[in-house]
Structures are given as structure tokens and as C-alpha cells.
Amino acid sequence: MVPKHTPNSKFGRWLLKYRLKLILFAFIVIIPVTFVIALYLGDYLKYKNVDFDGNVVSQFQSTFITIEDETNHEIINLQTDELLIQIKLMDMLVPEYYDDTNGHYTFKARQEVKSGKHIHELAVKFVVQAEWINAKSAVTTIPLTNTFGTDRKISFNHILPQSPLWFVHVDAPYLYVEVVYHIELALDQEETVKHYFKTYLGDLTPASQIVTE
């Protein structure tokens, strides 16, 4: 028969004395809490990434909002060292039922190359996507000119708001934008530049809802 082992340290004797309570505490508290944390973290990371046609991105630059003087429209500004891209949220329609297929976000956009900068082959892609849930639009390429062009409608047939987990509320999606262009350098050299931007659409008022005086 194996002799009974008595720990020498006070902590060891305390662990031995309360081992059953500690095991019970682990099953009741620690394991469920760990599971919940893993569940929340898994869903957050799963829908944090944005797939631009095979190019998966998780880090984004911030944008800033300005107000257009003539119309009071809110403008999303995407700024790089060479370029300024401005976007208006013109209209939006959130579906009421899961079989609705008319949900959308509509945008206008323009470009402005900064003085002294030379770029070409500008390509801009839009994605409307929510965090925490599987709600994403198709990747849409938006051609740009120096003026706000025609409306570009992006289908988004997902009902919001949603509460996928306790204490998690998804009220609106984000607009994600991929900007790729080439910079002309000396000696007929060029550099490919890529930028990625993220804007929360829940903070914007569509231009169709703004009344100008």
C-alpha cells in the first residue's frame, strides 16, 4: 500500500485540504468562462477579416467625415500621401424580412490626386460587411473620376440590428475600401501602393435624408 503523502508547505496542505472544492469550482466557473471567452473571441476574429477577392485584410486605416457646403451631405474622406477619395452615402434600405432581396447601400465617389503627385491604374473596391455576424456584400469595383459620378448600389440583404451573443449588438455594417494604384518614380520606375480603409455606416446620415435649406 502506497503511504499517504502529506505536503510540507502551507500552500500544498491548503491545496490538499480544498482539492474537491477547487475541482468543483473549475467545473462550475473556470471551464464555462473559458468556453464563453473562446466563443466570443472566435466570432470576433472570424468576421474581423475582409476578403477583397482573395486578398484577406484585417488591418485598416481610419477615415474622417466632412460636411459639403452646398448640400450639407456628409462625406467620407480616404486620404493617402498621393490621393484623396471622397465618398457619399446616398441612400440605404435595410430589409425587414429574411426573404427580402431589395436591401442595399448606395454610394457616390470621386478622386482628387494631390498636387505634384503622379499615379495611374487606380482601382477601388467596396465591401459592406458587419462585425460579429456573417453579413457581407459582394466585392464591388467602383470607377472614379474627378467629380461625383453616378450612384453605385451595393446589395446587402441582411436584417439589422442583431444580437448574436449576450452583450453584443450589431446595429449597422462597415464600409471597407481597398485602394490600389501605381506611383511613377524616377528613371521610368514605379511602385504599387495599397491602402485599406474602414468606416462605420451607422454614424452616417444618407444624403437622401438630408434636407437642404
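This is a predicted model: local features need pLDDT of at least 70, side-chain atom pairs count only at pLDDT 80 or more; totals for chains, interfaces and linings use all residues.
Which residue lies over the face of Tyr174? Lys198 does, at 4.5 Å from the ring centre. A charge counts as over a ring if NZ of Lys or CZ of Arg is within 6 Å of the ring centre and within 35 degrees of the ring normal.

Residues are numbered from 1 along each chain as its sequence is written, and side-chain values use heavy atoms, with hydrogens and water left out.

Now to the ring pairs. The structure holds six aromatic pairs (rings of Phe, Tyr and Trp, with its six-membered ring, whose centres lie within 6.5 Å; planes under 30 degrees apart are stacked, over 60 edge-to-face, the rest tilted). One of them joins Phe107 and Phe126: the centres are 5.7 Å apart and the planes stand at 85°, so this pair is edge-to-face. Phe107 sits in strand 6 (residues 104-113) and Phe126 in strand 7 (residues 119-129), 19 residues apart. Strands are DSSP runs of E, at least two residues, numbered from the N terminus. Phe107 is buried at 1% relative accessibility, and Phe126 is buried at 1% too. Buried means under 20% relative accessible area, exposed over 50%, partly exposed in between (1.4 Å probe, protein chains only).

Back to Tyr174. Its ring and that of Tyr200 have centres 5.0 Å apart and planes at 50°, so the pair is tilted. Tyr174 lies in strand 12 (residues 174-184) and Tyr200 in strand 13 (residues 190-200), so parts 26 residues apart in sequence are tied together. Tyr174 is buried, at 18%, whereas Tyr200 is partly exposed, at 26%.

How values were computed. Helices (H or I, at least four residues) and strands (E, at least two) are DSSP runs, numbered from the N terminus.
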